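Have the sequence and the 3D view open as you read.

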Amino acid sequence: MSQSSVNVLIVEDEPRLARAIALYLGPRGYAVRTAANGAEALESVAQGSPDVIVADIMMPVMDGYTLCRRLRSEPACCTIPFLFLTAKDEDLDRIHGLKIGADDYLAKPCDLEEIHIRIQAVLARVAAARQVPMDNIRMSGQLAEVDLMDLIQGLEMYQQTGALILKHNGESGVLYFKEGRIVGAELGTDDGQEPLFSLLGWKAGTYVFVPGVDSEAVRLTAGIANVLMSHVDDIT
């Protein structure tokens with residue numbers, strides 16, 4: 001995707017900040033739309049899907065958390081990269097934002113150049129996900145048709161390295177493997193151990209295993225996971 005074709009939706013209830021971001025990104029080749037709250041953002045997305053969304057959390061009418069949940073629950077827009085820009089910078093707020101589907105999180109005050117850099121970074125990650133060779137993905141399907149523990153044991157038996165991406169009721173999770181061992185799990189829950197136990201309890205949903213993903217080098221957010229899931233769906 002060339003930079004000149006990138007459409008950005010800024011969802012921010014502070015008009016001066018929204019305008020400042022738009023004025024900064026515009027001359028750099030971005031087409032910028034703005035919305036004052038989540039409800040306006042949904043209307044804007046319905047009129048035309050943006051390439052990336054940057055949203056505040058605390059807004060009237062509909063906050064950023066609700067907006068993110070709504071977008072991630074809709075197949076037509078669940079892959080749109082989503083960044084939170086907010087004054088809420090506590091770790092639990094960041095974790096919650098990532099759990100419900102954000103791809104990145106910037107705390108106010110934030111340098112305009114940093115916003116630009118983060119947008120470029122998340123777009124690059126999405127582009128990389130779309131370029132994953134589909135012939136590398138040999139295992140995907142429905143959790144209702146296979147026991148998750150059987151999948152895990154199979155990956156262990158064949159000493160696989162990569163990421164097992166799971167999707168269930170609008171939520172996405174990832175189990176990372178290195179030479180057959182689980183070395184990480186992400187669901188965005190508050191303590192570091194809960195994601196693994198939560199994911200092991202999923203009995204329905206979809207799964208896809210992406211070989212070669214290094215858990216130390218790549219973090220698969222919910223949005224990126226949705227991109228990979230949709231990429232697999234397109235060829236099945």
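## Helix α3 and its start

At the start of α3, Asp-63 puts a side-chain oxygen within 3.3 Å of the backbone nitrogen of Tyr-65. That's a polar contact, meaning N or O atoms within 3.5 Å, where within protein one must be able to donate a hydrogen and the other to accept it, and sequence neighbours count only if both atoms are side-chain atoms. Before going on: this is a predicted model, where local features need pLDDT of at least 70 and side-chain atom pairs count only at pLDDT 80 or more, while totals for chains, interfaces and linings use all residues. Residues are numbered from 1 along each chain as its sequence is written, and side-chain values use heavy atoms, with hydrogens and water left out.

Helix α3 spans residues 64–72, and its buried residues are Gly-64, Tyr-65, Leu-67, Cys-68, Leu-71 and Arg-72. (Buried is under 20% relative accessible area, exposed over 50%, partly exposed in between, with a 1.4 Å probe and protein chains only; helices are DSSP runs of H or I with at least four residues, strands are E runs of at least two, numbered from the N terminus.) Looking down the α3 axis, these buried residues fall within an arc of 165°, so they line one face of the helix. The arc is taken from the directions from helix axis to C-beta atoms.

## The largest nonpolar core

The largest nonpolar core has 22 residues, and Val-11, Ile-53, Leu-67, Leu-71, Phe-82 and Phe-84 have the most contacts inside it. Such a core joins buried Ala, Val, Leu, Ile, Met, Phe, Trp, Tyr and Cys residues through side-chain atoms within 4.5 Å. Two or more residues come from each of β1 (7–11), α2 (38–47), β3 (52–55), α3 and β4 (82–86), with α3 giving the most, 4 residues.

## Helix α6

Which residues of α6 are buried? In this helix (residues 148–157), they are Leu-148, Leu-151, Ile-152 and Leu-155. Down the α6 axis they fall within an arc of 95°, so they line one face of the helix.

Asp-147 caps the N-terminal end of α6, with a side-chain oxygen 2.8 Å from the backbone nitrogen of Met-149. Just after α6, Gln-159 takes a positive phi of about 50°.

## The open sheet

Five strands make an open sheet in the order β6-β10-β7-β8-β9, with antiparallel pairing. Two strands pair if DSSP finds at least two bridges between them. At the edges sit β6 (139–142) and β9 (181–186), each pairing on one side only.

Strands β7 (residues 162–168) and β10 (residues 206–211) pair in the antiparallel sense over 6 bridges. Lys-167 stands opposite Thr-206 in β10.
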